[in-house]
2 protein chains.
Amino acid sequence: MRQPIRVLILGTGQMGSGIARLVVRRPGLELVGAYGRRAQRAGMDVGPAIGLNQHLGIVLSSNLDAAIERARPDIAIQATCSTLDDALAEITSLVRHGVAVISIAEEMVYPAATSPAQAKQLHSLAIEHGVAVLGAGINPGFVLDLLIIALTGVCTEIESITATRTNDLSPFGSSVLTAQGVGLTPEAFRLALAQGGVVGHYGFAQSIHMIARAVGWDIEGIEETRAPIVARVRRETPFTTVEPGQVAGCHQKAVAYRNGKPVITLIHPQQVHPEVEGVMTGDRIHVRGAPEIVLTTTPEIAGGEGTIALAVNMIPRVLNAPPGSHTMIDLPVPAAVLADARTFVAKARAD
Amino acid sequence: MRQPIRVLILGTGQMGSGIARLVVRRPGLELVGAYGRRAQRAGMDVGPAIGLNQHLGIVLSSNLDAAIERARPDIAIQATCSTLDDALAEITSLVRHGVAVISIAEEMVYPAATSPAQAKQLHSLAIEHGVAVLGAGINPGFVLDLLIIALTGVCTEIESITATRTNDLSPFGSSVLTAQGVGLTPEAFRLALAQGGVVGHYGFAQSIHMIARAVGWDIEGIEETRAPIVARVRRETPFTTVEPGQVAGCHQKAVAYRNGKPVITLIHPQQVHPEVEGVMTGDRIHVRGAPEIVLTTTPEIAGGEGTIALAVNMIPRVLNAPPGSHTMIDLPVPAAVLADARTFVAKARAD
């Protein structure tokens, strides 16, 4: 059988490490290198760097070009950032080296949402270098877009779509909690929101543009709101304690309009321990159309685990794709890769 | 703008008529012909034949080759039958004329499930004639396979999958009710099952093979059971009355094994008026794995309407696909076609 698929990981935070560990244990994949932005970690063995008890004999690098040249990967998975601007320099280096890319940067899930010009340039660059690029993740990338789009596939008419993802931030560490304003007073939350310290969820614009393109709707505009979820009872996690009257999380909502009417509404309340005030976590999709569809998952599809899985499961899809920058609606539906990953790759690879 | 996509419909029963009516009203599509197997209906105007109040100026034909030559369709939708053997003669004629095909025959959703040799031949023939062929439908084709597969895409490991589709047969006419054994005594049901008069649901083998191929599982065997659902109270529809002690429907189940363990279990109880005995209709998918996923729709995704929508919504996907015989997992995820259908077709067509 041909050689394993050579995978380079970019980023060794919670997501990057989880992805790298899955690559290590999945037959047919080989972790051939790891890049991290923090220079002080460069040189350490990748095993401990991604939370394994074993050394892997490859070192973490903070020089991406050197890492690519040493590792000679078939594909790289980027888990270093959230925005398109931040993601593009690394992706461009990879593409110029002829390396396919899967990015979990939220804005890469639908690059044209924030920058049609950069999206077009990336597509041309990928074609020029003969590799495929994809943005993937649980949200944006799956629950509030791809799953909705699949459901529209069994509809003849659609009046509007409303989807809500209610999740629990309790497992997350301080950077996520800070970004959601957890523990602030409502006044401090509003100030931090205005000043950019509280950002909430990245991805509504990407999800909405993906849905709209998939069904052929022209969207006139998107209204996005973020409001504090104020605790009425004490909520405690290993990382924070929220007293009554303090902010337990961020209730975020986006409404997209077409012909003056709201047609896509995405709602995403994120907070620590919603259950202490009787709020159940879960995903809910309501397609008002013919037929009408109401779908729920209880609890919500796990965010971190789902993103890790999706990034790795899409490897064969990206290697099978024609050159270019793709979104999840351009490729076949994702599926778990539960056998040797090489058996999922149709075309002959260069090696 | 280029000419509308020319669509030929095969079959003017409940499904074929619904598909044809949707083609008539969808911008960018043109119904250019209709074929029906019943010679006594040949020559009538297609409008009344598909339940419209208007004449369409095209006649229903019972000669497929003549219908193809007169209509010169880009694509045909087949809604004449359920089995592969029954479907293949018509599909072969279409492909030899260079016409792309979407079939809602249940066994066409995954032709290799019942006949790998015929599936391979069809694939070669489609390539030879430069057209794409697809089997599609709500079940098999979506609820108990594609939707499950999409969910596995966010899993790193899967132990087993169980999915249940509980629906209501009350809207259906006598041919469906007879096939499910509705109104029989339990003894007559078992006899009709043995003699082939009661067949239940076609499609478990197709769904299981599609799931197994998508995730890379080798299935050792499938056990399928069909049992009568016996009414305890009177159930009445416009087409039948079921007395207590008579059969209200068919409870069908398939279990697929891998390494001696059940890994895929599909359950499909179909009956008239389940609600009178407290049974709620709905679809439920349970993926036991990492992460665990429990998804439900309430009620079930509408079968007839969903199949009609999916058949028409897949037209651009099939016209965009490379030549060959495809399944739903080979093509991009379905989406509602809510704008001019021509805008969804990427490649230049021959016209």
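**Domain and chain contacts in a predicted two-chain model**

Between domain 1 of chain A and domain 2 of chain A there is one salt bridge, a term that here requires a side-chain nitrogen of Lys or Arg within 4 Å of a carboxyl oxygen of Asp or Glu. This is a predicted model, in which local features need pLDDT of at least 70 and side-chain atom pairs count only at pLDDT 80 or more, while totals for chains, interfaces and linings use all residues. Residues are numbered from 1 along each chain as its sequence is written, chains are lettered from A and ligands numbered from 1 in the order in which they are written, and side-chain values use heavy atoms, without hydrogens and water.

I turn to the two domains. Domain 1 of chain A comprises 5–136 + 305–344 and domain 2 comprises 146–301; these bounds come from an automatic or database domain assignment. Their centres, taken over C-alpha atoms, are 27 Å apart. Domain 1 of chain A brings 14 residues to the contact and domain 2 of chain A brings 10, contact meaning heavy atoms within 4.5 Å.

The size of an interface is often given as the accessible area lost when the parts come together. For these two domains of chain A, the buried area is about 1,200 Å², with 72% of it on carbon and sulfur atoms; buried area is the accessible area (1.4 Å probe) that two parts lose on being put together, summed over both. On the side of domain 1 of chain A, the residues losing the most area to domain 2 are Y110(A), A113(A) and I329(A), together 46% of what that side buries.

Next, the two chains. Chain A and chain B each contribute 49 residues to their contact. Together they bury about 3,800 Å², of which 63% lies on carbon and sulfur atoms. V154(A), V333(A) and L338(A) supply 16% of the area that chain A buries against chain B, more than any other three residues.

How many salt bridges does the rule find across the interface of chain A and chain B? There are two. The side chains of E157(B) and R25(A) meet in a salt bridge at 2.9 Å, N to O. Several elements of chain A, including α1 (14–25) and β7 (157–168), each supply at least two residues to the side that touches chain B; helices (H or I, at least four residues) and strands (E, at least two) are DSSP runs, numbered from the N terminus. On that side, α6(A) gives the most, with six residues.
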